[in-house]
Amino acid sequence: MTSAPPPAAQAPVLSPTNPPPPQQLPLSSPVSAVKSEVPVAESRDPPASVSSLPPEPSPVPAAASYTITIPSCSAWFSWDQIHDTERRILPEFFDGKSASKNPGVYKYYRDYIIKRFRGNPSRKITFTDARRGLVGDVGSIRRVFDFLEEWGLINYTPLVKPSAKEKRETDEGSEKKEIPRRICTNCKSPCGMTCFRTDKADIMLCAKCYVRGDYRPGLSSTDFKRVDVTEEIKTDWTDKETLHLLEAVLQYGEDWKKVAAHVGTRSEIDCVSRFIKLPFGEQFLGHEEASENDKPHHKNDEVITTPGEENDPEQDCPKRMRLTPLADASNPIMAQVAFLSAVVDSDVAQAAAQAAISALHKVDIGGGIQTSAVGAKDEGSSAADSQVYSESLNEAITEAESQLEKEEKDVDQYLSDIVQIQMKEIQDEIVHFEELELLLEKDRLQLQYMKDLLFADQLSILQHKPRQVSKDGEKVKPTNLVS
Amino acid sequence: KFRMPTAENLVPIRLDIDIDGQRFKDAFTWNPSDPDSEVSNFAKRTVKDLKLPPAFVTQISQSIQTQLAEFHSFEGQDMHIKEKIVPLKIDLRVNNTVIRDQFLWDVSNLESDPEEFARTFCQDMDIGDPEVGPAIAVSIREQLYEIATQSVSSAREARVGKKGRRGSDIVANSKAGNTVDLGKLFGSKGSVIRKRKEWYLYEPIVDILSNEEVGALDAREELNAR
């Protein structure tokens, strides 16, 4: 009787072209994760991120002469472990509902599919290849396969070069056309115009799946929020465009039609809103905006100090933030600078700007705003100036953002204070009412007692009557009992 | 109640479609609780992956749907699962590998797992071709499916024929050939250990054929099919 050969370490692998054992492919690559932190944190929706994020391939040297690349959003992958992402997206293997669908089986599917793909990375592995070699029901195999494909763990290599080229092309072109493609996690088809998203399980469904109710148990239709794809298009202004905008504003003043024409790729409304959002934008429009900004300020203060009011402070805050991104603190200073630069000669202003930049650059980013305001106002600004300007513009933007965050935090704090105070009020009222109740209860008891007494009296009267009759022998008038 | 006597209620699906002289054969396991949209998606994907002519899509979908419908038609009905140990046989050829095996299977064990059996088999016998595993699993499931459907009809017969006849009699009569009589085996005279002279019967055989032999066998099968 032949003895059974020792079981192979892993599932049978069809990899004739890969001589070294698969374990040599190191894939848990924390080293390359330097830049990948941001995309990983943002990319909670893998399908969109793989296609629309500029995928920074983290090249991993394989044992042979080719390299396997996977997108940085999948840097968590490792042969030895099952990551939370996998548990999250394919819960059927991890919830213990069925004995034969367990993490071991999942790992077997996953490892087999990935190894098979890597055995021949120049060729995309098809689902049929995978399921023909795997023991199990094709539905679950398909889900694992789709998951791996979406996250770029298989069939990803061929896309690297063309997508880099595409990225360069689309960068030049209009960014408005770049719509993040949403793929429905259920039916794996693009979502189209509307999608429904739930944060509980990070699933995005297309309208059809949502209506059909094809989501996992544990989620109900109320957990889903509707998201319109068109809303989410964020168009970022490039530095070039902002430069154009500012030049145009300088040239044409408030004629937004001409400004938009000069910028080219933006509509009038976009130009105006963008201009307003620029930290120093208000300066060019004079102080009217600044004073408008002060008014919402006051309004907000009032709201805070009178917590008893019913009006919703929330509505004021975003408005306030929209109108006054930051700049309030330095308004008067910038007004001064603007005035000075207008008075002084252009060369002098330029020299002053340069000096200011070098002096203040390290210390205060706010200085950058001033100098950039100065530089922009300068009629004869040279190319170097504009470069400096755009640099400091970026700094201004980051400064703006951090200040914005601070403001938001403050607002949140105020809100919570207000809520607390209102809660206290309600509590006091409750206590008051409880006391009232007590008193009423006491009254009621007393009344009851009196009633009982009265009833007892009536009874005793009735009892006395027959005795009276027998005593007097006369008819006694029937007394009307008062009940 | 009717179900596949395995831990996962999965259905074996076999496809054998011939369009314009092009033959497509396939076998796999399907989860009947997957939504119907899966069937058409699967058909499209398979046709795309294998670069078959598009006419196959509808045929594949239909075939799968028919088999699933048949499975579903059994679902409401009762079945008698008694303690039955049946011998299952594997006799397949997958690409270059030929597998022959027989073993005993407990049909009343509703936690049994043909997939796990197939995986372990391939590991233990060191089978290189990954397509063997699924073929074994499907073959086991098909035999179990056969047994399950038979038990439904026997349950029906048992209900119909009352009056002095006990259902178990009928079942015993019809199944006597297949069922291994546990009483005899595990009784005082028998022992659980197989007799040495019977070992060869239950030993799995794995053969690798050369390409010419494969070609010859394929040709013969084609002839038989026509």
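Which side chains meet in a salt bridge at 2.4 Å, N to O? The side chains of A:Arg131 and B:Asp26 do. A salt bridge here is a side-chain nitrogen of Lys or Arg within 4 Å of a carboxyl oxygen of Asp or Glu.

The model is predicted: local features need pLDDT of at least 70, side-chain atom pairs count only at pLDDT 80 or more, and totals for chains, interfaces and linings use all residues. Residues are numbered from 1 along each chain as its sequence is written, chains are lettered from A and ligands numbered from 1 in the order in which they are written, and side-chain values use heavy atoms, with hydrogens and water left out.

A search of the whole structure gives 20 salt bridges over all chains. B:Asp26 lies in strand β2 of chain B and A:Arg131 in helix α5 (residues 127-133) of chain A, so this pair joins two chains. Helices (H or I, at least four residues) and strands (E, at least two) are DSSP runs, numbered from the N terminus.

The interface was then examined as a whole. Chain B contributes 38 residues to the contact and chain A 35 residues, with contact meaning heavy atoms within 4.5 Å. The two chains bury about 2900 Å² between them, 54% of it on carbon and sulfur atoms. Buried area is the accessible area (1.4 Å probe) that two parts lose on being put together, summed over both. In chain B, the most area is lost to chain A by B:Arg45, B:Arg119 and B:Pro130, together 22% of what that side buries.

Across the interface of chain B and chain A, the rule finds 6 salt bridges. On the side of chain B that touches chain A, the elements giving two or more residues are β2 (22-30), α1 (37-50), α3 (114-124) and α4 (132-160). The residues of that side divide into 16 nonpolar, 7 polar and 15 charged. Ala, Val, Leu, Ile, Met, Phe, Trp, Tyr, Cys and Pro count as nonpolar, Asp, Glu, Lys and Arg as charged, and the others, Gly among them, as polar.

Strands β3 (residues 85-94) and β4 (residues 97-106) of chain B run antiparallel, joined by 10 bridges; strands pair if DSSP finds at least two bridges between them. B:Pro87 has B:Leu104 as its bridge partner in β4(B). Between β3(B) and β4(B) are 2 residues, and B:Asn95 in the turn has a positive phi of about 50°.
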